[in-house]
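Take a first look at the structure below.

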Amino acid sequence: HAANKFRAQCPAAIDRLLVMPIPVDSPHGWWQVGCRRRVGLKAWRRDTEKYCEAQTSHGIHPYFGTPLSTSEYVRASFAPRIERTIAGLADDLSQKTLRALVDCDFAFLIEQFSGRSLSTIEYFEGLNFQPTSRVLSVGVHNGWDVPFLLTSPHQSITLCDPMGDKYISNYVEAFISGWREHDERGVQGLPFALDSYTGEALLPLAEDGQVIGGAGGQVMKHPLRSFPCVALDDLAERPEMKEGFNVIKMDTEGAEPNILWGGMHSLRRWRPQLAISIYHHISHYFDIPMWVMQHLPNYRLYVRCYSFDGVETTLYAIPEECELAEGLR
């Protein structure tokens with residue numbers, strides 16, 4: 001009905017309209033406002049403010065669930081490194097966001113999220129996709145981002161996850177199947193973990209079936225299971241990977257630093273655009289951006305947070321030769 005109405009109003013605007021419903025069972029913050037929570041924006045903001053106030057009044061971090069004193073200790077212990085990281089970010093919003101994350105300024109995060117959540121999409125705000133883009137998505141989870149990857153300009157898409165495609169939701173599986181009917185490129189899957197080495201990795205397996213790459217404290221909470229793992233530099237030596245990747249997204253529940261160390265030579269050679277989750281440990285907020293600053297020259301770094309409490313925070317690292325004139329879209 002919506003497609004027919006749009007065609008009637010704008011007959012010359014399109015020759016094909018892709019309808020992409022958003023599943024209501026997604027855990028991802030940027031669409032909680034209008035979908036998952038099913039409440040108005042003002043009511044949602046009031047609820048989140050009350051939640052953060054209640055947690056912080058008891059000295060607890062709303063996302064990490066750790067004492068706020070831990071954040072204060074980290075902030076004091078690594079103050080020079082944090083300040084250097086903030087100074088090296090590419091725009092004012094990135095600097096303010098990172099400072100709010102390490103200072104536990106939830107009022108700022110709520111303000112930003114409530115103002116931006118309905119007009120931005122995590123990962124896709126910062127990456128500039130082109131018809132020649134060879135995309136590597138590391139950490140599939142339920143695959144919520146796969147439909148957006150498929151509908152972005154690209155040459156190829158490769159998904160890498162130790163669980164393969166076993167964890168992809170029915171919604172995403174149906175979308176991939178429908179997509180293949182009119183686009184033969186589809187997606188390729190790599191059923192292993194990326195790490196700093198090649199071999200076997202003992203990784204925690206959560207109750208919902210998701211493999212946890214190394215988030216703080218998770219190893220003690222969940223049973224361990226052995227998975228094959230590959231360093232990105234070793235993966236790059238395979239004949240089928242000779243062209244490499246020029247767009248890489250990582251969300252591996254805490255294993256992101258290991259992947260960067262295991263792929264430093266390939267990253268320097270390929271110079272891909274990067275979208276890296278940096279919220280699985282408080283030190284990742286500044287350690288991962290600092291790693292990129294130190295090891296990948298001539299990149300511009302942006303930080304964006306897609307939640308009110310620090311979860312779903314993404315580092316966009318864009319080579320200067322790929323950056324749009326206006327910075328992030």
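Are F124 and F148 buried or exposed? Both are buried, where buried means under 20% relative accessible area, exposed over 50% and partly exposed in between (1.4 Å probe, protein chains only).

## About the model

This is a predicted model, in which local features need pLDDT of at least 70, side-chain atom pairs count only at pLDDT 80 or more, and totals for chains, interfaces and linings use all residues. Residues are numbered from 1 along each chain as its sequence is written, and side-chain values use heavy atoms, with hydrogens and water left out.

## Aromatic pairs

The whole structure holds 12 aromatic pairs. Rings of Phe, Tyr and Trp (its six-membered ring) pair if their centres lie within 6.5 Å; planes under 30 degrees apart count as stacked, over 60 as edge-to-face and the rest as tilted. F124 lies in the loop between α7 (106–116) and β1 (134–138), and F148 lies in helix α8 (residues 146–150), so the pair ties together parts 24 residues apart in sequence. Helices (H or I, at least four residues) and strands (E, at least two) are DSSP runs, numbered from the N terminus.

W261 and W291 form another pair. Their ring centres are 5.6 Å apart with planes at 80 degrees, so the pair is edge-to-face. W261 belongs to helix α12 (residues 256–262) and W291 to helix α14 (residues 284–295), so parts 30 residues apart in sequence are tied together. W261 is partly exposed at 47% relative accessibility. W291 is buried at 6%.

F124 and F148 also belong to one aromatic cluster with Y123, F129 and W144.

## Strands and sheets

Strands of a sheet pair through backbone hydrogen bonds, either parallel or antiparallel. Here, two strands pair if DSSP finds at least two bridges between them. Six bridges join β5 to the antiparallel β6 (residues 224–231). L203 stands opposite R225 in β6.

Strand β9 (residues 299–305) has six of its seven residues buried, so the rest of the structure largely encloses it. β9 pairs with β10 (residues 313–319) in the antiparallel sense, over seven bridges. R300 has I318 in β10 as its bridge partner.

## Cysteines

How many disulfides are there? The count is zero, with a disulfide taken as a pair of cysteine sulfur atoms within 2.5 Å. C52 is buried at 4% relative accessibility, and C160 is buried at 1%.
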